[in-house]
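Reader: I am new to this structure. Please walk me through a few of its details.

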Amino acid sequence: MNITKTSFPIVGMHCASCAKNIERQLKKTPGVSDAQVNYGSEEATVDFDSSISSLSHLSNVIAGLGYKAVITGEGTKTPDELKEEAKKKELADLKQKVIVSGFLSFLIMLGSFPQWFSFVPQILTNPFVLLLLTTPVQFWAGWGFYQATWSGLKNRTASMDTLIAIGTSAAFGFSLLTTLFAQPLTKLGFPLLTYFDTAAIIITLILLGRYLEAKAKAHTSDAIKKLLHLQAKTARVVRNDKEIDIPIEEVKVGDIIRVRPGEKIPVDGKITEGASSIDQSMVTGESIPVDKKVGDLVIGATINKTGTFLFMATKVGKDTMLSQIVKMVAEAQSSRAPIQRLADVVSGYFVPVVLMLAVATFIIWFDFGSFSQAFTNMIAVLIIACPCALGLATPTAIMVGTGKGAEHGILIKDAESLEIAHKIKTIVFDKTGTLTKGEPKVTDIDFNVGFAKMGLTKEKIETAIASLEKNSEHPLSKAMVSYFGNASALTVKNFKAIEGFGVSGIVAGLPVVIGNKKLMEKEKVMRCGQLDKKAEQWMEEGKTLAYVAIDKKHVALLALADTLKNEAKETVDQLKKMHIDVWMITGDNEKTAQAIAHQAGIDNILANVLPAEKEAKLKELKSRNSPIAFAGDGINDAPALAAADVGIAMGTGTDVAIESAGITLLNKNLYSVVSAITLSKSTLAIIKENLFWAFGYNVILIPVAMGVLYPITGWLLNPALAAFAMAASSISVVSNSLRLKRIKI
C-alpha cells in the first residue's frame, strides 16, 4: 500500500451536518483509509492509497455531494488562495442576497399585517402581490438550500439545509395553494392563511446569520494569513557573477542570495559571507534580534536588521521552516480534539430526530389545537434546530487557540495535544539543551598564589590557555577561548589533543598542559594544595574541572558547567504552583544533576540515564502519574517525546525531535511550557462553554418551539424568531471562541 496523507480546503459547507456527510462519503470511497472533515476550518484531511484512488477522484466525490474541493492551484495561486477567493465571492453573494431579500421581506411583512401597519397601500396586502415579492426570496436567495437538500437526498443524507428547505417550502407552498385555489380549499374546510412573511423572513434571517458567521469565522484563521504574508516575494540571486531579482518560486537549493539591511530573507539557508543581526520574532516569537555570522543558519521570512550578507539556499518552497509551520498550524486547526466526539455523534443523528419531532409536533397540535398552530409550530421546530452551533463549538476554539500559540512561537501539532496539555500532572525535563543552555561555560577560575615566583603573571597564564585551546575543537576548549576572548593569541608548537584527557603544546617556549586530573598525573605535574582544595569544592558543586600546568607546575584551575537557562527557575516555580510534579532526567552523574536541579528548584531527579533508557524511565513514571509531558531537544529525546502524553520539543532541537513532539517551542523560551499549558486551559474552557450553550440552546428551545410552554403561558414561538435564535446561536459560539485572541499567555 502507498498511503498518502493530504489536506485541502472545501468550499460550500453550511453546517456541521455538511461536514459529516462529506466525511461519511469520503470514508466509503475505495482506497480511502481515513478521512476527517472540519467544518470550522473548512478543510478535509484524507489518508488514501494512491494506487487505488487519486486527488481528482476525491474531488469528484465531493463535487457529487454539491461542494467544491480546492485541491490544485491555478497559475501562481495556491489552493488556499483560491479558497480565499471563493470565500470572498461567497461572502459578496451572501451580502447581495441579504440586502435584496431583506428589502423584499420588509415589504412582505408590511403587507402581511395591515392591522399593524395601517399606512400600507392596499395593493401591498394583495396575496398575489405578496406571492410575487416572496418568490425571488424563496427561489433566488434560498436556492442554495434546495441545492444542498437535493444533493443530500441523492446520497441519502440530510443536513441543516434540509430542515430549512422543508420548513420554508411548506410555508411558501401552503400560501401558494391558498392564494391560487382559495374557493376550493374553503369548501374543503382549510383555513385561508398565508405564510409568505414566515418563509421570506426565515430565509433572510438565516442568510444574515450565515453572512455574520462567515465574517466572524474569517478571523479564526488570521494566524495562518499572517504567516503566509510574511514570505518575501522576490530574491536577489547571484548567477554568472551578476545579481538578479527573481520571484521566490524560482529560487533553487544551492543558489547564493544577497540580503541587504531591512530586507526579508527569502528562503532558509546558511551564511557564506558577512554577518548581521536578524529579527526572527515573526517566525519564532523571539523579541530580541539574533546575531548571525558565517556558518549560521538563517530562516526565510525573517528580517535582516543591520549588515549585508550572502547565504546559500538550503531549503526552498514547501521545505522552508515557514512553510512547515504554516502546514503544521493548518493541520492542527483541521484536526479533531477528543472532546469533539460527543458533538459529532449528536450532529450525526440530529437532523433525522428533528424531522421526526417536527412531524410529531404537527400531529399533536392538529389533534389538540388548530391547523394554524400545528403548521407554525412544525415550521418553528424545523427552523430552531441548529447543529451548526454544535459543529462550530470545538473547531473554532481550536483554530483560534493554535493560531494564538503560533503567534507566540508555540507550534501545536494537533488538537489532541492542545486538549491534553491542561491535564498534565507530571512534566519531565531533559537537562542539556532544555533546562540548560547546552553549551559549557567557564564559571570559576583560581590561580596558584605562588605564580609570581615562577616568573608568571595572570595575563601570561590566560594568554597561554587561550593560545593552546584555540587549536582544539572540543566544547570545553571553545568555552575557555570564549572566556579569555581578550587575550592575544601566541604561536603554539607541538600541539597535541590527547583524547579523553586534554591538550598540550609549547607556548612562548614553555610547555603548557591543560586537562583533567589524570592528565596532570600522567605528565607528573607538581600539585598545588590550595588548588586541590578548590577542586574538591567545585566537584561537590557538580562542575567539570580543567587543570592548567606550565613547565610541569600546577598554576591555575578552571571550573566549567552547562549553565541554567535564565527562565528555568521561574518556569519550574510556576509549574509547581499549577500543582504539576517536575522531574529532571540526565545522563550526568548524581552530583552534577543535583547541582543543576537545585538551581532550577527541581526536587525529583533521574541521573545516570543512558539515552536508550529515557523512554523506559518515562513509561515507568507515566504508569504512576499520568498524563505526563516530556520536554527535550535532541535526537536521543525523540522516543521519549513520542512516548509522553504530550511531547514538548525545544525549537533549537533537531528535526526528528520536533517531528516526534506534539508541541514545539520555536521561541526557545522555556517559560513557553507554562504558556502552552495556560493556552490549553483557556481553549478547553472556551470549548466547554461553547458546547454547554450549543447543547443548552437545543435542549431548551426545541421543546419551546414544540409548544411546551403554551399550557402554562399561552405563548408559542414565532418561526421568524426561531430563525433569529438559530442564527444567533452560531454567531455567539464563534464570537466566544474569538475571545481567545485576547488572553495573555
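Author: Note that this is a predicted model. We start with one tryptophan: Trp-715 sits in the loop between α27 (710–713) and α28 (719–738).

Reader: Is Trp-715 buried, partly exposed or exposed?

Author: Its relative accessible area is 39%. Buried means under 20%, and exposed means over 50%. The value for Trp-715 therefore makes it partly exposed.

Reader: Which residues is Trp-715 in contact with, leaving aside its neighbours within four places in sequence?

Author: One of them is Val-704, which is 11 residues apart from Trp-715 in sequence. Their C-alpha atoms are 9.1 Å apart. With those neighbours left aside, the contacts of Trp-715 are Val-704, Leu-709 and Tyr-710.

Reader: How do α13 and α26 run relative to each other?

Author: Helix α13 covers residues 371–384 and helix α26 covers residues 672–706. They pack at an angle of about 165 degrees, with axes 8 Å apart. Angles over 145 degrees count as roughly antiparallel. The two helices, α13 and α26, are therefore roughly antiparallel.

Reader: How many residues in the contact of α13 with α26 are nonpolar?

Author: From α13 come Asn-377, Ala-380, Val-381 and Ile-384. From α26 come Tyr-697, Asn-698, Leu-701, Ile-702, Ala-705 and Met-706. In this contact 2 residues are polar and none is charged, and the nonpolar ones number 8.

Reader: Which strands are the edge strands of the open sheet of 7 strands?

Author: The order is β14-β26-β25-β24-β15-β22-β23, with mixed pairing. An edge strand pairs on one side only. The edge strands are β14 (410–412) and β23 (604–606).

Methods. Residues are numbered from 1 along each chain as its sequence is written. This is a predicted model: local features need pLDDT of at least 70, side-chain atom pairs count only at pLDDT 80 or more; totals for chains, interfaces and linings use all residues. Side-chain values use heavy atoms; hydrogens and water are left out. Axes are lines fitted to C-alpha atoms, for helices over the stretch in contact, and angles run from 0 to 180 degrees between N-to-C directions. Helices (H or I, at least four residues) and strands (E, at least two) are DSSP runs, numbered from the N terminus. Angles under 35 degrees count as roughly parallel, over 145 as roughly antiparallel, 65 to 115 as roughly perpendicular and the rest as oblique. Contact means heavy atoms within 4.5 Å. Ala, Val, Leu, Ile, Met, Phe, Trp, Tyr, Cys and Pro count as nonpolar, Asp, Glu, Lys and Arg as charged, and the others, Gly among them, as polar. Buried means under 20% relative accessible area, exposed over 50%, partly exposed in between (1.4 Å probe, protein chains only). Two strands pair if DSSP finds at least two bridges between them.
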